[in-house]
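Welcome! Take a moment to look over the sequence and the fold, and then let us walk through a few places together.

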Amino acid sequence: CALIVLLTLGGIFVALIIGALPIIQHMGLGLLYLDDWNPTQDVFGAIAPIYGTLITSILALFFAVPIGIGVAIFLTEICPAALRRTIGTLVELLAGIPSIIYGIWGLFVFAPWFKDNLQPLIIGLFSPIPGLSALFAGPPLGIGVFTASIVLAIMVLPFITAVCRDVFETVPPVLKESAYGIGCTRWEVLWNVVIPYTRIGVIGGCMLALGRALGETMAVTFVVGNAQRLSASFMQPGTTISATIANEFGEATGGLYQSAFLALGLLLFLLTFIVLSCARLMLSRLEKKAGS
């Protein structure tokens, strides 16, 4: 069974390479750094989808990781025992909601509220600050990279919470009781005992959420704006690799256009593989360091 899984992944990888060869030969390295996506001229620069994929995923983790770890701490250390199962189940139910539902909610509920209430406040708050003003510039549109990041953060939150809660429950009670016995506060126990003891599992949960965010399609497609251009501002519309494929693949009848989408799929495959491999390497080093 393990060999079947490896052979399947290898077959997908080989098929993507074969399908992407025409556009790679046509565009060369320009596929990775050009921001011009023009099918009528057979020009396919993928830097905008690559940038959008990375930025939305990183911002999603920026929002989701502190909240997810905080919820896990609450469920394991603070929440009354009678409510732990109920609240934990409600959080985990978020993972069972189809991504298209998140997209519809983001487009018709969250984006209008964000446009009218929160986005003008954020733009006004950062506009006087050099450097940050460019990241939060532009008219409030509701949809965009920032909105997509928030929707992604909500989607990956249950993954982080579930993993962190499980690893927090593995901390031996005697360690926490010993820390409380010498006068440590709850925060000191969490920061100096629970988090160090479980840091490998916490990082693993965050990397699992990152892999989920990198490949998300429908929810992001609804709210990212689907603009094939680079923009320094998080508030402006953008696109991701998966959103580009979902929006335009049906129009690709063959030739370089279809090969371009297979190349985008190959890039997403490699991007996810590299990120998760780096996470695995980092976890291995942490395990080795802890063992030494």
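Predicted model: local features only at pLDDT ≥ 70, side-chain atom pairs only at ≥ 80, totals over all residues.

Which residues does threonine 147 touch, leaving aside its neighbours within four places in sequence? They are Phe110, Phe114, Gly142 and Val223. With glycine 142 there is also a polar approach: a polar atom of the threonine 147 side chain lies 2.3 Å from the backbone oxygen of glycine 142.

## Aromatic pairs

The structure holds 16 aromatic pairs. In one of them, the ring centres of phenylalanine 62 and phenylalanine 63 are 5.6 Å apart and the planes meet at 70°, so this pair is edge-to-face. Phenylalanine 62 counts as exposed because its relative accessibility is 59%, while phenylalanine 63, at 23%, counts as partly exposed.

Phenylalanine 110 and phenylalanine 114 make a stacked pair, because their planes are at 20°, with ring centres 5.4 Å apart. Both sit in helix α5 (residues 99–126), four residues apart, about one turn of the helix. Each of phenylalanine 110 and phenylalanine 114 is buried.

## One aromatic cluster

Where do these rings belong? Phe62, Phe63, Phe110 and Phe114 are among the members of one aromatic cluster. This cluster also includes Trp105, Trp113, Phe126, Phe136, Phe146 and Phe234.

Methods:
Residues numbered from 1 in each chain as written. Heavy atoms only, no water. Polar contact = N/O pair within 3.5 Å; in protein donor to acceptor, adjacent residues only side chain to side chain. Contact = heavy atoms within 4.5 Å. Phe/Tyr/Trp six-rings, centres within 6.5 Å; stacked < 30°, edge-to-face > 60°. Buried < 20%, exposed > 50% of the residue type's maximum accessible area, 1.4 Å probe, protein only. Helix = DSSP H or I, 4+ residues; strand = E, 2+ residues; numbered from the N terminus.
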